[in-house]
Amino acid sequence: MTSGESTNTGESVEEKPVQEEREQIEIDLLLEGIHRLYGYDFRNYAMPSLRRRILHHVDTERVGSISELQHKVLHERAAFKKLVQSLSIPVTEMFRDPSLFKVFREKVVPLLRTYPYIRIWHAGCSTGEEVYSMAILLHEEGLYEKSRIYATDMNERSLQQAKEGVYGIEKMKLYTKNYMEAGGSRAFSEYYTARYNSVMFHPFLRKNIIFAEHNLATDRSFNEFNVIFCRNVMIYFNDDLRHHVHGLFHESLSRLGVLVLGSKESIHFSGYSDDYEPMDRFEKIYRKLK
């Protein structure tokens with residue numbers, strides 16, 4: 001069979017590669033248009049995951065192609081916002097990876113006790129569960145009153161839920177288990193009020209939290225921090241964007257500041273690994289030395 005002849009399925013042998021190339025061109029044009037018009041930069045996100053999410057969004061929006069989606073997104077801001085929701089699907093929970101929070105209590109909290117004032121940045125905070133976990137931990141360690149937590153994300157809808165502090169009651173069994181394994185010292189139910197099928201975390205936990213939109217791909221450093229949490233966010237970035245974000249965190253951390261990464265992430269090959277020492281290699285907790 002020569003190149004271009006039909007198979008018994010009716011498809012030419014060139015059809016799949018041509019289709020994939022066409023899709024990639026459409027994706028590149030879509031991302032470029034979003035960046036130029038709205039300032040959101042997805043161009044350096046890991047392509048396999050990004051492609052899956054865009055194609056899924058094409059299906060859910062019932063448009064015929066990525067090009068049709070691009071036309072809609074560039075002409076309707078509401079369509080753009082819906083796409084951003086699809087491209088930044090929140091995956092988080094209270095005291096996620098409890099052993100990390102237990103080690104944080106044991107190894108980082110003693111360092112924080114020496115500071116007159118504590119600034120913590122949760123970058124890519126999603127719907128806020130990790131932020132409230134930190135507020136609870138600091139409260140129990142007697143540090144919350146001298147702390148300020150900055151919770152940022154590019155997803156407007158996720159930030160709104162984080163500000164409200166309202167979550168499904170069906171999640172509380174898992175969250176209680178995580179809390180206890182993380183070294184929690186009280187009844188977890190003391191921190192929220194149950195109402196119908198949801199719970200609301202008590203307002204005092206939000207008192208020292210600032211929620212704000214921030215895009216790691218395009219926005220700059222906005223303060224100096226003693227601790228930066230960015231867990232399971234950079235797994236969606238390519239190498240160039242990961243290097244950029246590590247530079248942003250290095251600039252934003254004070255000397256002896258603490259960087260906490262996700263279980264699948266690493267400081268190695270970031271270009272900044274020599275500037276940190278591990279406080280706990282397994283839990284991906286690093287201290288900036290220079």
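Leaving aside residues up to four places away in sequence, E129 touches T92, E93, M94, Y167, K171 and Y175 (contact means heavy atoms within 4.5 Å). The model is predicted, so local features require pLDDT of at least 70 and side-chain atom pairs pLDDT 80 or more, whereas totals for chains, interfaces and linings take in all residues. Residues are numbered from 1 along each chain as its sequence is written, and side-chain values rest on heavy atoms, without hydrogens or water.

E129 sits in helix α6 (helices, H or I, of at least four residues and strands, E, of at least two are DSSP runs numbered from the N terminus). E129 is buried (buried is under 20% relative accessible area, exposed over 50%, partly exposed in between, with a 1.4 Å probe and protein chains only). Despite this burial, E129 has no salt bridge (a Lys or Arg side-chain nitrogen within 4 Å of an Asp or Glu carboxyl oxygen). The nearest side chain of opposite charge is K171, at 4.3 Å (Lys and Arg count as positive, Asp and Glu as negative; His and chain ends are not counted).

The protein chain holds nine helices and 10 strands. Its C-alpha trace spans about 70 × 50 × 35 Å along the principal axes. Of its 290 residues, 49% count as buried. Among contacts with a separation of 6 or more, 74% join residues 24 or more positions apart.

Salt bridges number 16 in the model. One of them pairs R113 with E141, with the closest N and O atoms 2.7 Å apart. R113 belongs to the loop between α5 (98–112) and β1 (118–123), and E141 to the loop between α6 (129–140) and β2 (147–153), so this pair ties together parts 28 residues apart in sequence. R113 is partly exposed, at 43% relative accessibility. The R113 and E141 side chains also belong to a network of salt bridges that links R105, R113, E140 and E141.

A second bridge joins R231 to E130, at 3.1 Å from N to O. This pair links distant parts of the chain, 101 residues apart. R231 lies in the loop between β7 (225–230) and α9 (239–252), while E130 lies in helix α6. Both R231 and E130 are buried.

A further bridge brings together E145 and K207, at 2.9 Å from N to O. E145 is in the loop between α6 and β2, and K207 is in the loop between β5 (198–201) and β6 (209–213); the pair therefore ties together parts 62 residues apart in sequence. E145 is exposed, with a relative accessible area of 59%. K207 is partly exposed, at 49% relative accessibility.

E224 provides another link across the sequence. It occupies the loop between β6 and β7. Its relative accessible area is 42%, so E224 counts as partly exposed. Beyond its neighbours within four places in sequence, E224 is in contact with R119, S252, L253 and S254. The C-alpha atoms of E224 and S252 are 4.9 Å apart, although 28 residues separate the two along the chain.
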